[in-house]
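Let's walk through this one together, starting where the chains meet and ending inside one of them. Have the sequence and the structure open as you read.

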2 protein chains.
Amino acid sequence: MSIQKINIPSKLSLFSDYFNPRVAGELNGQQVKLVKFQGEFIWHSHANEDELFYVLKGKFDMHFRDQIITLEENEFLIVPRGVEHKPVASEEVAVLLFEPAGTINTGEMSHELTRPTLENI
Amino acid sequence: MSIQKINIPSKLSLFSDYFNPRVAGELNGQQVKLVKFQGEFIWHSHANEDELFYVLKGKFDMHFRDQIITLEENEFLIVPRGVEHKPVASEEVAVLLFEPAGTINTGEMSHELTRPTLENI
């Protein structure tokens with residue numbers, strides 16, 4: 001049996017680049033991803049995927065067209081499909097994402113920040 | 001727009017009973033559940049659902065038929081469908097679960113610990 005636990009701080013120590021999610025687990029067609037970022041991402045939405053953001057360390061602001069929600073450690077937010085959003089972090093933040101396998105980080109937008117394939121970690 | 005963040009420690013403070021998961025979020029047909037427990041659960045498996053256990057506070061032992069994995073804070077484990085498992089905690093632990101909506105806590109087993117319907121929190 002190849003069941004192994006994943007230690008999140010230890011996985012986070014393996015990379016330092018921003019806006020480049022790693023895949024840390026997969027179940028039921030969904031993936032658990034880990035990402036670090038600082039600065040401003042782009043406005044985008046996902047036509048067919050809801051997306052969960054859970055703050056592991058630090059904090060960031062999730063911008064919506066009609067509000068901004070500050071997400072701090074041990075808080076999560078679900079962005080429903082079709083809803084435009086833009087993550088912005090004034091300092092480095094580490095986030096766990098839970099979303100369908102194959103979800104593209106920039107959604108319907110093609111951009112230099114788009115990461116069509118992700119590394120497993 | 002009804003998007004709201006979820007603060008996990010604050011949700012955990014709302015209940016104290018064991019082996020009775022609450023639903024804290026739903027996306028893509030999956031649910032985020034919060035559960036506290038201490039003591040020994042029952043051996044069971046889920047025919048069609050993989051199940052993620054993420055330790056928020058405390059620690060517990062996940063028993064498999066061929067090994068025991070101790071899960072501590074900030075660690076997670078994915079139990080693939082069909083694999084028998086039994087969570088055991090010597091002290092209280094708080095765990096986040098990710099799994100398909102409708103997953104029954106005791107899987108294929110009917111037991112006094114079975115919780116066929118779960119409260120939202």
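How many residues does the contact take from chain B and from chain A? Keep in mind that this is a predicted model. The count comes to 27 residues from chain B and 27 residues from chain A.

Several elements of chain B give two or more residues to the side that touches chain A: β1 (6-7), α1 (8-12), β2 (22-27), β6 (68-71), β7 (75-79) and β8 (86-100). β7(B) gives the most, with five residues. Sort this side of chain B by class and you get 16 nonpolar residues, along with six polar and five charged ones.

Strand β7 of chain A, residues 75-79, pairs with β1(B) over two bridges, and the sense is antiparallel.

From here, let's move to a residue of chain A, A:Val93. You'll find A:Val93 in strand β8 of chain A, which covers residues 86-100. Is A:Val93 buried or exposed? A:Val93 counts as buried because it has 24 C-beta neighbours inside 10 Å, and the cut-off for that label is 20 or more.

So who's around it? Leaving out residues up to four places away in sequence, A:Val93 touches A:Lys36, A:Phe37, A:Val55, A:Lys57, A:Gly58, A:Lys59 and A:Phe60. Take A:Val55 from that list: A:Val55 and A:Val93 are 38 residues apart along the chain, yet their C-alpha atoms are separated by 7.4 Å.

Note on methods. Residues are numbered from 1 along each chain as its sequence is written. Chains are lettered from A and ligands numbered from 1 in the order in which they are written. This is a predicted model: local features need pLDDT of at least 70, side-chain atom pairs count only at pLDDT 80 or more; totals for chains, interfaces and linings use all residues. Two residues are in contact if their C-beta atoms, placed from the backbone, lie within 7 Å. Helices (H or I, at least four residues) and strands (E, at least two) are DSSP runs, numbered from the N terminus. Ala, Val, Leu, Ile, Met, Phe, Trp, Tyr, Cys and Pro count as nonpolar, Asp, Glu, Lys and Arg as charged, and the others, Gly among them, as polar. Two strands pair if DSSP finds at least two bridges between them. A residue is buried if 20 or more other C-beta atoms lie within 10 Å of its own, exposed if 12 or fewer, and partly exposed in between; C-beta atoms are placed from the backbone.
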